[in-house]
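Subject: Structure handover

Hello,

Here is the structure I promised to pass on. My notes on what was found in it follow below.

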Amino acid sequence: MTAIAINLNPIIQLTDNQFYQLCRENPEIKFERNARGELLIMPPTGGETGNLNIEIAADFVIWNRQTQLGICFDSSTCFKLPNGANRSPDVAWIRKERWDTLTPEEQEKFPPIAPDFVLELMSPSDSLKETQEKMQEYIDNGVKLGWLINSKLRQVEIYRLGQPVEILEHSKELLGEDILPGFTLNLAIIWR
């Protein structure tokens, strides 16, 4: 099952506060919203994808606790991107000094900021084309580094601000470059 898009725009255009309230009133449903204002209902992940997501997120949390350079977010966090889309990457990270520019209310709701880093892990229900478009949307909105991990193909697509997409096959690790200094993701946990 892929995401279901619902276009309510001919009837009502949800404000940011209304979208936030809709998500709060329906916590069992994972919503995103694209730049056209269409609601996207995201399917839940299966056990294998959920396990990989938490294993990957753990590495980010441990690195971030050691470096104290920023703030980590899981797939439940929805960001309001500059183009108006509300997106929830599987893992996101923002430099602390950028996060601290947001007001407490902006931090509490759907932060109006593009993360510095995002990661999407393909699940069986994901469309590769749609996920690639989402990754490009992140970059177009100011994300500096993004990783699209396709465990089925043992492939990683690396998205960088102002550069073409780099595709790695059967890599052993990913480096955080200058965005996530000193971070290394060992892909052995994914290529099982």
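Glu133 and Lys129 both belong to helix α5, where they sit four residues apart, about one turn of the helix. Helices here are DSSP runs of H or I with at least four residues, strands are E runs of at least two, and numbering starts from the N terminus. The side chains of Glu133 and Lys129 form a salt bridge, at 2.6 Å from N to O; the term means a side-chain nitrogen of Lys or Arg within 4 Å of a carboxyl oxygen of Asp or Glu. Lys129 is exposed at 56% relative accessibility, while Glu133 is partly exposed, with a relative accessible area of 43%. Buried stands for under 20% relative accessible area, exposed for over 50%, and partly exposed for what lies in between (1.4 Å probe, protein chains only).

Before going further, note that this is a predicted model, in which local features need pLDDT of at least 70 and side-chain atom pairs count only at pLDDT 80 or more, while totals for chains, interfaces and linings use all residues. Residues are numbered from 1 along each chain as its sequence is written, and side-chain values use heavy atoms, with hydrogens and water left out.

Salt bridges

The whole structure holds 15 salt bridges. One of them joins Arg95 to Glu97, with the closest N and O atoms 3.0 Å apart. Arg95 is partly exposed at 26% relative accessible area, and Glu97 is partly exposed at 47%. Another links Arg160 and Glu166 at 2.8 Å, N to O. Here Arg160 is buried, with a relative accessible area of 15%, whereas Glu166 is partly exposed at 30%. There is also a network of salt bridges that connects Glu32, Arg87, Glu120, Lys134 and Glu137.

Strand β9 and its neighbours

Helix α5 (residues 128-140) also takes part in a right-handed β-α-β unit, together with β8 and β9. Right-handed means that, with the strands pointing away from the viewer, the path from the first strand over the helix to the second runs clockwise. Strand β8 (residues 117-121) pairs with β9 in the parallel sense over five bridges; two strands count as paired if DSSP finds at least two bridges between them. Glu120, a member of the network above, stands opposite Leu148 in β9.

On to β10 (residues 155-160), which runs antiparallel to β9 and is joined to it by six bridges. Asn150 has Gln155 in β10 as its bridge partner. β9 and β10 form a hairpin with four residues between them, and Arg154 in the turn has a positive phi of about 55 degrees.

All six of the six residues of β9 (residues 145-150) are buried, so the strand is largely enclosed by the rest of the structure. Leu145, Trp147 and Ile149 point one way from β9, and Gly146, Leu148 and Asn150 the other way.

Nonpolar cores

A nonpolar core is a set of buried Ala, Val, Leu, Ile, Met, Phe, Trp, Tyr and Cys residues joined through side-chain atoms within 4.5 Å. The largest one has 24 residues, and Phe117, Leu119, Trp147, Ile149 and Leu185 have the most contacts inside it. At least two of its residues come from each of α2 (47-67), β7 (91-95), β8, β9 and β10. Helix α2 gives the most, with five residues. A second, separate core has 18 residues, including Ala85, Ile94, Val118 and Val143.

Regards
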